[in-house]
Structures are given as structure tokens and as C-alpha cells.
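Q: Please take a close look at one part of this protein for me. I would like to start from a single side-chain pair and then see how the surroundings are put together.

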Amino acid sequence: MYQNANVKPENSPFLQMLFLLLFAFGGVILFMVIGLAIVYLKSGLKGVSAVTTNDLRFISEFKIVLVAQQLGLFLAPAVLLSVIERKSVNGFYGLQAPKPGLLILVAILSICWMPVMGLAMEWNQKMVFPQFLKGLENWMRFLEDAGAKTTEAILKMKNAGDLIVNLFVIAVTPAICEEFIFRGAVQRTIFRIKTNPHIAIWISAIIFSAIHLQFFGFIPRLLLGAAFGYVYYWTGSIWYAVFAHFLNNAYAVCVAYYLQMHNQPYTDVDDVNLPFYGYIISAVLTLALFRLVQRVSLAKQQTAIDNN
């Protein structure tokens, strides 16, 4: 996917990273102002005050600000980087339309890795720090609990309309915005610094996981980031990574909706209880499907080259 990126001279990758940071800083301020303006038009000063003071009774206003934050912090910097480099977004990040067959393969892969990711989440949440780091652990737990309360409030749904809104806020928007910045911009830029795809993929995955500030979900999010990164690298189109990201988030939203419609607790939608061999099967199928995605992608790229 990176081979076509340097047809025209670009700024140094270090300067590109600086641009991304500056665009993210300016973008999040601009879009947060726009988001708060929309909240003001919807709910007045009461709504703005609720958002700024973390009053979860105004959850629809929170969702507006979340979308604005995603657009300003993630999507806008990625798009602006391509503008600065005077390249089309399509050529810069690879926006080729996904092929149905490969899209289905990526969907199956996304389903197969869910048990492994769930197990990683379970292990991560049981992480215990040594005694001299208990203060740090307590701080991390506090942030985790606060984030969990916000997530629980956002995931609360009463009807199909709430489901559609949450799919847009939690699945569609983050899938597009986060993939463009982390897999598109960051991974691509790191690859230019160190031309090793594995290094670029894992470093961008570390950044992707760390920026969420959810320390007891760091490992599964790191693995997800790497998975999206390999899908992007092999397929050459960012839409496959966006699709995989969307499926991961949409699964949580849909399960939460199903549980609420059946009057069941919905706070632990990521819990997957399988016998030990179930996780082994999940891991084996995931690795096999990764290999298959790689082979199919390479075969399609070779066919396209031969046809040209």
C-alpha cells in the first residue's frame, strides 16, 4: 500500500508528524466549538454546562460532542495532511472500493478474533501493580471507572432509533475517523521513518491504544490496532480496516441493545465465556484467516499489475 505514496516528493516524515499534531490540536478546538454551538442551539446553556461538567443526564449532547471530537481530533488532521502534501486523499491513503469477496473474508476474520480479544480483555482487567505503584494503579482504576460510567450511559438504548444513533456515534464515526488517522496517517508516516511494515503497524497500534486512556483495556486495543494495521497494509485499501473497526464496535452496540430489549444487564457486553479449546480454535482460525487475507490481497494486486 505504501509503494505508490512517494510518486511526488513529500515533506519529511518527522515534519508530517508535527503537522498531524498541530492539525489535531487546532482541529479538536475548532470542532469542539462547533459541537458546543450545536449543543447550545439544541439545549441552551444548560446543555453546554452539562457537557463541560460531565453531567450524564444530557447524554444526547455528549454524543454530539463525541462526534465533533472524532472529526476534529482524528479525521481532519489526516485529510489536511494530504492537502499539505498536495495529494488526493484517495492516492494518499488508498480509498479503492473494497471487493465483496475480500470484504466477506475480513468480516469472518473479525468474528473469529473476538474470543481472543475478549480473553485479552479479561487478562488485562485483572492486572495488578506492585505495592509501590498502587497509587498509579488507583489513578488508572479511577479513570477506568469514570470511562465505564460514561460508556454505560451512552450505550443505554430504549428503541431502534437509539440503536441507529449509537451505531453512528460509536461504530461508524470512530471507524472512519480513527482508521484514517492511525492506520492512514500515523502508520504511513512511521513506515517512511523506518521502512519495516511490522514496526510501523505495531507502533501506530501502541499510539492508538494509549490515546484512549483506558489502561485496563490497553492490550486488547493494541491487538485490535495491529489487526487493523495488517488488514490495511495487505489490502492496500483503508476501507477494509474501517469495515473491521466498524464491525468490532457495532457488535458491542448491538449486543447491548439486544440485552436491554430483553431486560438483561448490558454493562459487560465484551464478556465471552468459552472453554479453553474455544480460545485455541479462535486463535488458530484468526492466524489462518490473516494468512488467507494476505494471500488473496497479494493475488489481487498481482492481477491488477498484470492487467496494466
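A: Start with Glu122 and Lys126. Their side chains form a salt bridge, with the closest N and O atoms 3.2 Å apart. The model is predicted, and these values are computed from it. Glu122 has a relative accessible area of 33%, so it is partly exposed. Lys126 has 55%, which is over the 50% cut-off, so Lys126 counts as exposed.

That pair is one of a set. The structure holds 7 salt bridges. Another joins Arg188 and Glu10, at 2.5 Å from N to O. Arg188 sits in helix α7, residues 160–193, while Glu10 is in the segment before α1, so this bridge ties together parts that are 178 residues apart in sequence. Burial is the next point. Arg188 has 2% relative accessibility, so it counts as buried. Glu10 is buried too, because its relative accessible area of 15% is under the 20% cut-off. The contact also belongs to a network: salt bridges link Glu10, Arg188 and Arg192.

A further bridge connects Glu61 and Lys42. Here the closest N and O atoms are 2.9 Å apart. Glu61 belongs to helix α2 and Lys42 to helix α1, so the pair links distant parts of the chain, 19 residues apart. Glu61 is buried, at 3% relative accessibility. Lys42 is partly exposed, with a relative accessible area of 48%.

Now the helices that carry these residues. Two packed helices are described by the angle between their axes and the distance between the axes. Take α1 and α2 as a pair. Helix α1 covers residues 13–52 and helix α2 covers residues 59–84. Their axes come within 7 Å and cross at roughly 155 degrees. That angle is over 145 degrees, so α1 is roughly antiparallel to α2. The crossing of the two is right-handed.

Helix α1 also packs against α7. The angle is again about 155 degrees, and the axes are 8 Å apart. α1 and α7 are therefore roughly antiparallel to each other. The hand is left this time: α1 passes α7 in a left-handed crossing. So which salt bridge goes with which helix? The Glu61–Lys42 bridge runs between α2 and α1. The Arg188–Glu10 bridge runs from α7 to the segment before α1.

Two loops deserve a look. Arg86 lies in the loop between α2 and α3, where α3 spans 89–93. Its phi is positive, at about 55 degrees, although Arg86 is not a glycine. Arg86 has 74% relative accessibility and counts as exposed. Asn263 lies in another loop, between α10 (238–261) and α11. Asn263 is not a glycine either, yet it has a positive phi of about 55 degrees. Asn263 is exposed, with a relative accessible area of 74%.

Phe276, Tyr277, Ile280, Ile281, Val284 and Leu285 form it, and together they have about 630 Å² of accessible area. Ile281, one of these residues, is found in helix α11, residues 276–307. At 46% relative accessibility, Ile281 counts as partly exposed.

Ile108 is found in helix α4, residues 100–112. Its relative accessible area is 39%, so Ile108 is partly exposed. Ile108 and Ala210 are 102 residues apart along the chain, and their C-alpha atoms are separated by 27 Å. Ile203 has its place in helix α8, residues 197–210. At 35% relative accessibility, Ile203 counts as partly exposed. Ile203 and Met127 are 76 residues apart in sequence and 22 Å apart in space, C-alpha to C-alpha.

Arg188 and Glu10 are buried. Glu61 is buried, whereas Lys42 is partly exposed.

Terms used
Residues are numbered from 1 along each chain as its sequence is written. This is a predicted model: local features need pLDDT of at least 70, side-chain atom pairs count only at pLDDT 80 or more; totals for chains, interfaces and linings use all residues. Side-chain values use heavy atoms; hydrogens and water are left out. Patches are made of residues with over 30% relative accessible area and no salt bridge: like charges are joined within 9 Å, nonpolar side chains (Val, Leu, Ile, Met, Phe, Trp, Tyr) within 5 Å. Accessible areas come from the Shrake-Rupley method with a 1.4 Å probe; for residues, only the protein chains shown count as cover. A salt bridge is a side-chain nitrogen of Lys or Arg within 4 Å of a carboxyl oxygen of Asp or Glu. Helices (H or I, at least four residues) and strands (E, at least two) are DSSP runs, numbered from the N terminus. Buried means under 20% relative accessible area, exposed over 50%, partly exposed in between (1.4 Å probe, protein chains only). Axes are lines fitted to C-alpha atoms, for helices over the stretch in contact, and angles run from 0 to 180 degrees between N-to-C directions. Angles under 35 degrees count as roughly parallel, over 145 as roughly antiparallel, 65 to 115 as roughly perpendicular and the rest as oblique. A crossing is left-handed if the near helix is turned anticlockwise from the far one by less than a right angle, and right-handed if clockwise.
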